[in-house]
Amino acid sequence: MDNLNKSFQSPPWGDSGSFLSVKDAGNIDDLIKLALHYKQNPFAHQALGKGKRMGLLFLNPSMRTRLSTQIAAQNLGMEVIVFNASQDGWSLEFEDGAVMNGTTAEHVKDAAPILGNYFDILGVRTFPSLKNRDEDYAEKIINQFVKYANIPVVSLESATVHPLQSLTDIITISEHLPLKDKTKPKVVLIWAPHVKPLPQCVANSFAEWMNEWNQAEFVIAHPEGYELDKRFIRDALITHDPVKALNDADFVYVKNWSSYADYGKIIPVENDWMLTTEKLSVTNDAKVMHCLPVRRNIELSDEILDSSNSIVTEQAGNRVWAAQSVLSNILNGLT
Ligand code: CP
């Protein structure tokens with residue numbers, strides 16, 4: 001193994017060796033540097049994962065996370081098995097002490113140790129219920145996999161955060177830096193409409209990572225009623241005025257989320273919050289980002305998505321390098 005990879009090890013890599021949020025990320029700039037190294041040299045550390053197996057457990061749908069994590073693990077020489085648990089597995093129970101006389105067939109206490117037995121690293125995707133805020137924000141489901149699997153768990157998006165996405169987002173922003181005329185880019189996370197209630201995960205996570213990275217002027221714009229949990233946004237500048245937010249912006253991250261206060265609900269908004277070319281005209285010819293999938297002409301107009309301002313494809317491409325950077329750190333911590 002070369003010195004570049006060795007130098008990025010920052011053990012302990014999370015208390016359990018898991019990667020569940022920015023708190024497990026160590027030095028973000030080191031992760032970015034390693035990710036960009038892998039972008040140039042995908043197979044630089046093929047020997048690192050040799051003889052190791054990763055399970056990817058999906059309790060909810062995915063395209064990018066599923067494929068990019070699989071590619072990343074394979075680039076590191078790991079064997080990968082994808083398990084679409086919500087479609088192909090037994091229906092899992094997560095209540096402690098449950099009398100299982102209903103629809104659930106297997107308790108996570110029984111299933112997770114077996115996954116821990118089969119795999120060296122386990123990736124889990126689990127969306128929030130959007131019904132019970134306390135349970136969702138306690139990360140009841142992914143934490144039980146951490147507790148019972150006894151191997152490092154990687155969040156492939158959980159109830160409240162999407163850390164591999166956020167690392168990707170910051171990698172993508174950093175590739176467009178430095179700017180000619182500014183020391184710090186202005187990055188705007190802007191709410192967009194959607195036809196159904198979506199989790200707050202991507203917005204929470206992006207805010208949390210941007211705060212931790214602390215290398216941009218960070219603004220969040222949303223209609224009233226869509227305030228995010230303070231624990232994630234901390235001291236970020238919040239506005240209900242999209243024009244003010246977009247003014248002189250260098251990066252605009254478009255994302256819908258449902259209400260946190262009126263948990264999981266869509267609250268009707270008066271103004272049209274869909275980003276258009278006209279609205280983008282007050283920015284510093286901003287790069288437009290979205291985690292995808294995107295509802296065209298609801299969240300973002302065709303004209304923006306099909307323009308040179310959009311970097312959504314490049315952003316999704318970087319999912320591989322973010323995942324590879326994280327997985328290689330976890331592999332370095334395995335005995
Ligand atoms: N952005 C993202 O997580 O995409 P998928 O849901 O397709 O994995």
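1. V188 has a relative accessibility of 0%, which is under the 20% limit, so V188 counts as buried. The model discussed here is a predicted one. V188 belongs to strand β7. Leaving aside residues up to four places away in sequence, V188 touches V219, A245, A249, F251, V252 and Y253. Between V188 and E314 there are 126 residues in sequence and 18 Å in space, C-alpha to C-alpha.

2. Five strands make up an open sheet, ordered β9-β8-β7-β10-β11, and their pairing is parallel. β9 (237-239) and β11 (287-289) are at the edges with a single partner strand each, so one side of each has no neighbour in the sheet. On average, and with direction ignored, neighbouring strands of this sheet are turned by 20 degrees against each other.

3. Within this sheet, strand β7 (residues 186-191) runs parallel to strand β8 (residues 217-221), and five bridges join them. Opposite V188 stands V219 of β8. V219 is also one of the residues that V188 touches. Helix α9 (residues 201-213) packs on the sheet, where α9 touches β7, β8 and β10 (251-255). The direction of α9 makes about 160 degrees with that of β8.

4. Which helix packs with α9 at an angle of about 50 degrees? Helix α8 (residues 163-175) does, and the two axes are 9 Å apart. This angle makes α8 oblique to α9. The crossing in which α8 passes α9 is right-handed. From α8, the residues P163, S166, L167, D169, I170, I173 and S174 take part, and they meet S205, F206, W209, M210 and W213 of α9. Sorted by class, this contact of α8 with α9 holds eight nonpolar, three polar and one charged residues.

5. A further open sheet has four strands in the order β2-β1-β5-β6, and its pairing is parallel. Its edge strands, β2 (79-83) and β6 (153-155), each pair on one side only. Neighbouring strands here are turned against each other by 20 degrees on average, direction ignored. Strand β5 (residues 121-125) pairs with β6 in the parallel sense over three bridges. V124 has S155 as its bridge partner in β6. Helix α3 packs on this sheet and touches β1 (53-58), β2 and β5. The direction of α3 makes about 175 degrees with that of β1.

6. Helix α3 also has a helix partner. The axes of α3 (residues 64-75) and helix α15 (residues 319-333) come within 8 Å and cross at roughly 50 degrees. That angle makes α3 oblique to α15. α3 passes α15 in a crossing that is right-handed. On the α3 side the contact is made by R64, T65, S68, T69, I71, A72, A73 and N75, and on the α15 side by R319, V320, W321, A323, Q324 and L327. The contact of α3 with α15 has seven nonpolar, five polar and two charged residues by class.

7. Is Q324 buried or exposed? With 0% relative accessibility, Q324 counts as buried. Q324 lies in α15 and is one of the residues in the contact with α3. Not counting residues up to four places away in sequence, Q324 touches Y38, P42, A72, N75 and L76. A72 and N75 are among the α3 residues of the contact with α15.

8. Helix α7 (residues 140-149) is mostly covered, with seven of its ten residues buried. These buried residues are K140, I142, Q144, F145, V146, Y148 and A149. Just after α7, N150 has a positive phi of about 65 degrees.

9. Which residues of α7 make the contact with α5? First, the geometry: helix α5 (residues 108-118) packs with α7 at an angle of about 60 degrees, and their axes are 8 Å apart. α5 is therefore oblique to α7, and their crossing is right-handed. The contact is made by Q144, F145, Y148 and A149 of α7 together with V108, K109, A112, P113, L115 and G116 of α5. By class, the residues of the contact of α5 with α7 are seven nonpolar, two polar and one charged. Q144, F145, Y148 and A149 are also among the buried residues of α7.

Key
Residues numbered from 1 in each chain as written. Predicted model: local features only at pLDDT ≥ 70, side-chain atom pairs only at ≥ 80, totals over all residues. Heavy atoms only, no water. Pairing = 2+ DSSP bridges. Helix = DSSP H or I, 4+ residues; strand = E, 2+ residues; numbered from the N terminus. Axes fitted to C-alpha atoms, helices over the stretch in contact; angles between N-to-C directions. Contact = heavy atoms within 4.5 Å. Parallel < 35°, antiparallel > 145°, perpendicular 65-115°, else oblique. Left-handed = near helix turned anticlockwise from the far one by under 90°. Nonpolar A, V, L, I, M, F, W, Y, C, P; charged D, E, K, R; others polar. Buried < 20%, exposed > 50% of the residue type's maximum accessible area, 1.4 Å probe, protein only.
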